[in-house]
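Work through the two exercises below with the sequence and the model open. Each has a task sentence and a solution in steps.

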Amino acid sequence: MKVFCIIPVWNEEKNIVKIINDLKDLTDLTDPSIDEIVVVDDNSNDNTYNLVKNKGVTVLRHIINRDQGAALATGNEYALQNNADIVIHFDGDGQFLVSDIRRALKPIFANEVDVVYGSRFLGKENNIPRLKKNILFPIARMVNYFLLGIKMTDPQSGFRVMNKKALKLIDINQRGKAHCSEILYKVFKNNLRVKEVPITVIYNHFGQNFFGGVKIVKDLLISKLIG
Amino acid sequence: MFQQVIAVIIMIFFLSRLFLHKKRKKISTNEFLFWLIFWIFSFLAIIFIKKIDSLVANLGFSASGIDVLLYFGFVVLFYLIFRLRLKIEKMDRNITTIVREITLINNKKNHES
């Protein structure tokens, strides 16, 4: 089974080298291993591209900045073209731990599910900012439940693993942050088998704020109108 | 009467620009027809403004005909903005698709060289 790890990055010169090194270490330890690390550079204007280029991994570079969802979709397309069987979506800002990948891969290898989501709300200790934990995430869960009819503990999670079936069925049209909700919606729409596994999320920065959330809802509504 | 003359002069100016653009092939036939019909309707509305006044009064509106035309104009403008919004969104998606294709082609080229 060919496993690809897709990392969308934009101006991540401080984090990306460590992530790649950790992934390579994991690749040596994990059985079956990660076959290809694919970094999608979303036209960074810092040194990210040059740093990654010399790391011996696949690096795809957007000629203009298109945002995270578009970078992930580029990675998915590359994985499909290169016959990937399993794809891991992993953030490039250092908020996820590489050590959580093995746990997330297991249910896919065992063919128990088609998609695995990492959840920061399933038991593991996380330093989630209080505002996010008690207000923003509950709102996000409600929006996903009422707008998309989906119940998940962590619907905005960017840590996911998909098998080939899911990869083929899910095409990402949302180029911005709304891609998380879009992917989740398509997972449920296509009746794919889903499982959440506990992960650790390290908050180096606050991330999405309330207005970011409003933009996600707006993008999803416009997308519904376009079809 | 004076305002009507001014409005008609402005309309004639825009119509002349419209025909000029069409002659220079700067706009499509559909767009030309849309604006031609728009200006013809506006022209008729201005010429028969008194009739619109009485029509509006008969319908139970307290405003005058020109006010109702203005409200109608707002509705049309909002609709056009909405259409533009969707069109921009579609173009945006197409740009992303093109960027993706270029990225993957460039990657293949880098591998071959």
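**Exercise 1.** In this predicted model, determine how many of the residues of strand 1 (residues 3-9) of chain A are buried, and then find the strands that pair with strand 1.

Solution. 

1. Apply the cut-off: a residue counts as buried if 20 or more other C-beta atoms lie within 10 Å of its own. By this test, 7 of the 7 residues of strand 1 of chain A are buried, so the strand is largely enclosed by the rest of the structure.
2. Sort the side chains by direction. Phe4(A), Ile6(A) and Pro8(A) point one way from strand 1 of chain A, and Val3(A), Cys5(A), Ile7(A) and Val9(A) the other way; all are buried.
3. Look for bridges to strand 2 (residues 36-41) of chain A. This strand runs parallel to strand 1 of chain A, and 6 bridges join the two. Ile6(A) has Val38(A) as its bridge partner there.
4. Repeat for strand 4 (residues 86-89) of chain A. Its pairing with strand 1 of chain A is also parallel, over 4 bridges. Here Ile88(A) is the bridge partner of Cys5(A).

**Exercise 2.** Describe the side of chain A that touches chain B by elements and by residue class.

Solution. 

1. Count the residues in the contact: chain A provides 16 and chain B provides 11.
2. Assign elements. At least two residues each come from strand 3 (58-61), helix 3 (68-81) and helix 8 (210-226) of chain A. Helix 3 of chain A gives the most, with 5 residues.

Notes: Residues numbered from 1 in each chain as written. Chains lettered and ligands numbered in written order. Predicted model: local features only at pLDDT ≥ 70, side-chain atom pairs only at ≥ 80, totals over all residues. Contact = placed C-beta atoms within 7 Å. Nonpolar A, V, L, I, M, F, W, Y, C, P; charged D, E, K, R; others polar. Buried ≥ 20, exposed ≤ 12 C-beta atoms within 10 Å, placed from the backbone. Pairing = 2+ DSSP bridges.
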